[in-house]
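Have the structure open as you read.

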Amino acid sequence: MSYQRSDWLADLDFLEGAVALWWAGRARHAELDGTDPGAVFSALRAVEPAGDLWAGARALRGGLWALGDCHLRLAPSVMGAETGWQSGLAFAPTPEGPALLWADPAISAYRAASVGDLLTAIDGVPAEKVLASLRLRPGSTPRQRHLFALQSLSHRDCLPGEPPLPRCLTLTDARGHDLTLAPEWRTQDPAAPPPPAVRARRIGDRTGLITVRSFACRDRTGQISDAEMARQLDAALAGLEGCDRLAIDLRGNGGGRDEQARMLATRLTGAPLVWMRHAHPAPYGGELGRFEDLILTPKATPQPSGLRLLIDAGTASTAEICAAALAALPGAALVGSPSGGAVGDPVEFRLPRSLLGVFVPVARYARPGTDTPIEGAGLVPDIEAAPGAVDLREGRDPVLDAALASFD
């Protein structure tokens, strides 16, 4: 596709206007991060895409990252030009530093690595320095940006002309021995069956654990399906019949459809619940309206007597709205580490010349009963706990342990 400088400038003019009118997080991120949209767009206008649409897309992606809002980002292209790559590795933040969480056992080069090994270098550069510089996906708080940088070592959606990186990782084990390995990047199989969004298991006679991986539950064909989410939730709760104490694990849940999150909440509440406290801008006015409460009608009979909501930096967007609402119930508490701090109701805008999509978050949200924004702050747990590298090595989950202990 031919993409000239006049096209680039027209796209930037359109997007700068959309951001000025609709971006609900402007003032918030100016305060927190010192972001300046005018300066960002001025720098982007100095970019010369040289007829290459994807060079412009890469520059635009970096500019949006600099504005500091998780939901202000590029959307998948209408041409489906991105390539998804997976390394077969996963890392988790720990107090000691990034640690190996999982390595694909089918990849022989990874068999010398062990869960809990610390990531110390990336392509020969100290790991933390590289993770602080990666700008592939915007995050709304420093902890979310760090998590997304770590996740980019597991999965990357690369634009045309972009190779999956890095090429070399150095891990250090518990005895201080180093292991260098090359990630085996493989293209993602779009036909692979999606994993369940909801899992459940009993822990004793009265206690159950429900893990909700995502609120973008997919059916067997890979399509997002509210009906499948309802089926999985009903099956999970049926298996926990008689449990009046529930731990709901929302760690790593980056959100999804509000409708699917409400399905979970209505099955756990026995009285009307303030689901979200939100404010939207008036069209073309650019000014945010007053906060309004959306009330959720309950379905649970009876309501659990104890509810623990497990959160971490990967808990974001719709999952944060859900956790904030349920935390207001009697007998409920948040357990873990602060959430991602990224909510915003993103709306997709298509740029007029390139047809690239950009998500612009058009709403702000506060924790029910307050005017304190969730964006840029997140939810602070009532009971703090986080896994360390030793916990990963030994298969312990101190967050779940703290949640279960708090029931007694």
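**Strand β18 and its sheet**

Strand β15 (residues 245-249) and β18 run parallel and are joined by five bridges. Strands here are DSSP E runs of at least two residues, helices are H or I runs of at least four, and both are numbered from the N terminus; two strands count as paired if DSSP finds at least two bridges between them. This is a predicted model, with local features needing pLDDT of at least 70 and side-chain atom pairs 80 or more, while totals for chains, interfaces and linings use all residues. Residues are numbered from 1 along each chain as its sequence is written, and side-chain values use heavy atoms, leaving out hydrogens and water.

**Neighbours of β18**
- Arginine 308 in β18 is the bridge partner of alanine 247.
- Five bridges also link β18 to strand β19 (residues 332-336), again in parallel.
- In that pairing, leucine 310 sits opposite valine 335 of β19.

**Burial**
- Six of the six residues of β18 (residues 306-311) are buried, so the strand is largely enclosed by the rest of the structure; buried means under 20% relative accessible area with a 1.4 Å probe, protein chains only.
- Gly306, Arg308 and Leu310 point one way, and Leu307, Leu309 and Ile311 the other.

**The whole sheet**
- Six strands form an open sheet in the order β13-β14-β15-β18-β19-β23, with mixed pairing.
- Its edge strands are β13 (198-203) and β23 (383-384), each pairing on one side only.
- β13 runs antiparallel to strand β14 (residues 207-212), with six bridges between them.
- Valine 198 has valine 212 as its bridge partner in β14.

Notes: Buried means under 20% relative accessible area, exposed over 50%, partly exposed in between (1.4 Å probe, protein chains only).
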